[in-house]
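Let's walk through this protein together, one question at a time. Keep the sequence and the 3D view open while you read.

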Amino acid sequence: MVFILGFFLIVLGFVQPLSALVIGTFWAVFFKRKAGLGVVLIAIGGATLGLHYVVSPSHDMARYVTYMQAVSLVQSPYEFFKQMYSALPISEFGLTGRDWPLSAAILYITGKFFDYRWLSAFTVFITLFTRIYLIVKTTEKSRFSTLQLAFLRLIFILLTIMITTILRPASGFRWYLGSNVILWIVYFDLFKNTRLNVWKISGMIIAGLLHPSMWIYAAIRVMAWLFTSVDKRIISKIFWGIVFFVGLVALLASSRVAPLMNQFWAYISGSDGFNVSTGTHIRFVVTFLVISILFARIKTEKFRFERTDWIFLLSNYWMLLLSVPFFLFDRLYQLAVPLMFLYYGYILAGKKRFIVYDFVVIFAMFSLYVVFYAGGVYQLLPTLDKGVFEILINPIWKF
């Protein structure tokens, strides 16, 4: 019976995505267990918008489309990989695929058989499903009342959609597919065990082949696992020594620190007005506040985590802060925030009720992002070829 109902609802999602979004949200919020079906419906709704994404020349997808058009002329997969590692590989806007062969293979297949919008829709679906499903799963064992759990899940779902946006995964598929794999590994570490195994190592390799920056997260995870057998004081000294050294090098080597601070000061002093950089500054301030509030709350109960998990979270937090001078913050927080949601959900799953601190954290996060988007600082949706309502009430195949 459940299978038949699930099949019917998924078909409904393809026929009228808006109904699937409403039913899916209700299902994911109120069904304590087996909420995955609701998350699938939410992800279908988001993916539907991805199918109508209109790429802009400034987006990452514009480069990928050009690369897809070039590699789609290669006759076979063997020839594709052969040319990719040849002396003169196909190169478009500096893209050759050598550093991310799995993503390059996805682009090759997409260019051969599909439109770029299918890739955007697929990435949006996988990203929304992963991020929402994992946070819903973390709360399955919660002892909260039905209404409290529904409130918690609804806030997390809304925040996840707002933080992710549709544009980001629709345009930058490599980062999001790779980071989704890392999030799954962290989830299994939190709720299963922290030991390395062949599946986790395989996942790290897949993430790295999708986007080279994921090797950094994989390395941090492996090093955190190795450090679990070392005395805590030694770990602390090594960690803070690395942080100090990297921070010092970053400050001395970066010529962008002073201009960034000058621009920010000009903005907050009112002398700069609203210009292109305003959105960047506001995004940084809002996101920094959200992350700091979340991190402060998690830190109060770090004793609940295995040392491996805590080292990994702490490393990500400091890596995020040290990335600011290099303008990498805007990308890295897209993994850091969902990661903290998992850790925060893990904390809440072991409680019977909210404490005042939790209400403060949740209210602060939600308020900041509502103000963030209400001000029109950054688009929640990309440019679409049709209106949102028209897209969501029509069958998915009418794109």
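Q: In which hand does α3 pass α7, right-handed or left-handed?
A: A quick heads-up before we start: this is a predicted model. In it, α3 covers residues 36–50 and α7 covers residues 116–138, and their axes come within 8 Å. Where α3 passes α7, the crossing is right-handed.

Q: How is α3 oriented relative to α7, roughly parallel or roughly antiparallel?
A: Start from the angle: the axes of α3 and α7 cross at roughly 150 degrees. The cut-off to know is that angles over 145 degrees count as roughly antiparallel. That makes α3, relative to α7, roughly antiparallel.

Q: How many nonpolar residues does the contact of α3 with α7 have?
A: On the α3 side you'll find residues including Val39, Val40, Ile42 and Ile44, and they meet α7 residues including Val124, Phe125, Leu128 and Phe129. The contact also has four polar residues and one charged residue. The nonpolar count is 14.

Q: How is α5 oriented relative to α6, oblique or roughly antiparallel?
A: Helix α5 (residues 77–84) and helix α6 (residues 101–113) have axes that come within 11 Å and cross at roughly 135 degrees. Roughly antiparallel needs an angle over 145 degrees, and roughly perpendicular runs from 65 to 115. So α5, relative to α6, is oblique.

Q: How many nonpolar residues are in the contact of α5 with α6?
A: From α5 come Pro77, Phe80, Phe81 and Met84, and from α6 come Pro101, Ala104, Ala105 and Tyr108. This contact has no polar and no charged residues. The nonpolar count is eight.

Q: Which residue does Ser86 lie 9.8 Å from, C-alpha to C-alpha?
A: Ser86 sits in the loop between α5 and α6. Its relative accessibility is 26%, so Ser86 counts as partly exposed. The residue 9.8 Å away is 12 residues apart from Ser86 along the chain, and it's Arg98.

Q: How far apart are the C-alpha atoms of Ile90 and Tyr67?
A: Ile90 lies in the loop between α5 and α6, and at 23% relative accessibility it counts as partly exposed. Beyond its neighbours within four places in sequence, Ile90 is in contact with several residues, among them Tyr67, Ala70 and Val71. Ile90 and Tyr67 are 23 residues apart along the chain, and their C-alpha atoms are separated by 8.1 Å.

Q: How far apart in space are Pro17 and Pro395, C-alpha to C-alpha?
A: Pro17 lies in helix α2, and at 0% relative accessibility it counts as buried. Leaving aside neighbours within four places in sequence, its contacts include Leu12, Gly45 and Ile391. Pro17 and Pro395 are 378 residues apart in sequence, but in space they are separated by 7.3 Å.

Q: What span should helix α8 have at 1.5 Å a residue?
A: Helix α8 runs over residues 146–164, which gives it 19 residues. The expected span uses one less than the number of residues, times 1.5 Å.

Q: Is Glu140 buried or exposed?
A: Look in the loop between α7 and α8 to find Glu140. Leaving aside neighbours within four places in sequence, Glu140 is in contact with Lys32, Arg33, Lys34 and Arg153. Under 20% relative accessibility is the cut-off for buried. At 12%, Glu140 counts as buried.

Q: Zooming out, how many helices are there in the protein?
A: Buried residues make up 50% of the 399 residues. Among contacts between residues at least 6 apart in sequence, 77% join residues at least 24 apart. The protein has zero strands, and its helices number 19.

Key
Residues are numbered from 1 along each chain as its sequence is written. This is a predicted model: local features need pLDDT of at least 70, side-chain atom pairs count only at pLDDT 80 or more; totals for chains, interfaces and linings use all residues. Side-chain values use heavy atoms; hydrogens and water are left out. Axes are lines fitted to C-alpha atoms, for helices over the stretch in contact, and angles run from 0 to 180 degrees between N-to-C directions. Helices (H or I, at least four residues) and strands (E, at least two) are DSSP runs, numbered from the N terminus. Angles under 35 degrees count as roughly parallel, over 145 as roughly antiparallel, 65 to 115 as roughly perpendicular and the rest as oblique. A crossing is left-handed if the near helix is turned anticlockwise from the far one by less than a right angle, and right-handed if clockwise. Contact means heavy atoms within 4.5 Å. Ala, Val, Leu, Ile, Met, Phe, Trp, Tyr, Cys and Pro count as nonpolar, Asp, Glu, Lys and Arg as charged, and the others, Gly among them, as polar. Buried means under 20% relative accessible area, exposed over 50%, partly exposed in between (1.4 Å probe, protein chains only).
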